[in-house]
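Please look over the model before reading the points below.

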Amino acid sequence: MQNKLTEKKIYMLKRFEVENFKGFKDRLVFDLQAREYEFNKNLISNGIVNKGIIYGKNGIGKSNLGIALFDIVLHLTDKERLPVQYLSNYINLDSDKPFAEFKYTFIFEDDEVVYEYKKKEAYYLIEESLTINNSQVLFYNYFDKKDNFVDKSLIGNLQIELLDNKLSIIKYIYRNTPTNQDSPLYKMMIFVENMLWYRGLSDGNAYCGFSNGGTLLVEGLYSSGKKEEFKKFLADNDLHYELEWRTNNGLHELMAKFPTGKKAPFVSIASTGTMSLFLYFFWSITAFNKISFLFIDEFDAFFHYESAENIVLRLNANKNFQTLLTSHNTYLMQNKLTRPDCCYIMTQNKITSLFNSTKKEIREAHNLEKMYINGAFNE
């Protein structure tokens with residue numbers, strides 16, 4: 001399915017709020033509105049951060065932020081779900097409040113859409129609300145229906161009285177009413193269906209959203225016909241291989257060929273960092289022309305700093321989707337790669353851009369990494 005969003009302006013997540021979910025006992029507000037800078041304007045779209053990098057100490061919640069952002073995928077789509085291990089301890093363990101709250105503010109061209117919901121568990125909806133351009137068009141509580149309201153423009157004659165809390169009313173309306181591609185609801189659903197979260201660590205290259213099934217890297221590369229492009233991508237990261245295909249029992253193997261004439265399956269000799277690069281390349285050729293939103297957790301955990309910079313520059317050049325990365329690599333905290341309003345520091349129940357973390361005026365010539373290390377930003 002082609003991403004309908006690429007036919008017009010890029011659609012954006014403007015703001016995200018979450019409360020009482022996993023480590024976020026108090027309300028966390030993630031504001032993605034950009035500031036006025038005259039450099040790296042390609043990192044901004046429609047006044048919103050298009051390419052962001054998130055920093056924070058171990059255990060502060062960077063990974064949980066990505067999981068929270070993609071909770072919406074669980075009940076609005078049939079795409080790949082977050083792995084079960086990420087959904088344990090769904091409600092904050094230090095709170096007596098029985099549900100988590102989520103709030104997404106999207107910008108779709110000239111429309112602002114606010115979608116809010118409450119959940120007790122990952123697949124246990126309590127309440128949903130939809131507001132379009134400051135006008136509430138839907139409110140639905142699955143257990144106390146006296147105040148429920150759905151604008152007729154959304155449902156026509158569709159019957160909704162018998163819905164239970166395992167099926168989102170938003171998803172039900174989307175699937176059972178005539179398609180109107182100009183509808184803000186339709187645009188929101190397409191945006192969410194094309195969100196992609198992944199991480200390439202030792203837990204099996206987990207991903208969520210966009211597609212279904214396993215990430216078969218070698219078969220994906222073979223199907224794309226982009227072996228030579230992959231070879232060049234590796235060379236750009238100072239990894240030089242002669243590559244060729246071999247068929248073994250009906251399966252395709254990517255072989256690395258050495259000057260001695262000896263050959264070995266590429267995946268058997270590739271380092272963890274090289275395989276992480278392979279994973280990035282896989283998603284770049286299979287998804288980047290379709291996705292709306294990309295979150296890569298610990299994207300450079302196994303990368304040399306030059307490879308990390310290479311990936312950031314590649315992502316920065318692609319404005320077709322919004323990107324958020326988590327990292328500990330302060331080398332990336334420089335104005336040739338990012339901006340003070342695109343670089344975020346995460347602390348306990350708080351995430352703030354560098355711009356908003358200091359009263360000092362930050363200019364293009366400033367060394368953001370040095371300022372950060374010297375404590376110039378209030379965490």
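How many aromatic pairs does the structure hold? The structure holds 36 aromatic pairs (Phe, Tyr or six-membered Trp rings with centres within 6.5 Å; planes under 30 degrees apart are stacked, over 60 edge-to-face, the rest tilted). This is a predicted model, in which local features need pLDDT of at least 70, side-chain atom pairs count only at pLDDT 80 or more, and totals for chains, interfaces and linings use all residues. Residues are numbered from 1 along each chain as its sequence is written, and side-chain values use heavy atoms, without hydrogens and water.

**Aromatic pairs**
- F106 and F191 are edge-to-face, because their ring centres are 5.3 Å apart and their planes stand at 65°.
- This pair links strand β6 (residues 100-108), which holds F106, to helix α5, which holds F191, 85 residues apart.
- F106 and F191 are buried (under 20% relative accessible area, 1.4 Å probe, protein chains only).
- F230 and F266 also form an edge-to-face pair, at 5.7 Å centre to centre and 80° between the planes.
- F230 is in helix α7 (residues 227-236) and F266 in helix α8 (residues 266-269), so their pair ties together parts 36 residues apart in sequence.
- Both F230 and F266 are buried.

**Charges over rings**
- The charged end of K51 sits over the ring of F321, 4.3 Å from its centre (NZ of Lys or CZ of Arg within 6 Å of the ring centre and within 35 degrees of the ring normal).
- K120 lies over the face of Y124, 5.4 Å from the ring centre.

Note on methods: Helix = DSSP H or I, 4+ residues; strand = E, 2+ residues; numbered from the N terminus. Buried < 20%, exposed > 50% of the residue type's maximum accessible area, 1.4 Å probe, protein only.
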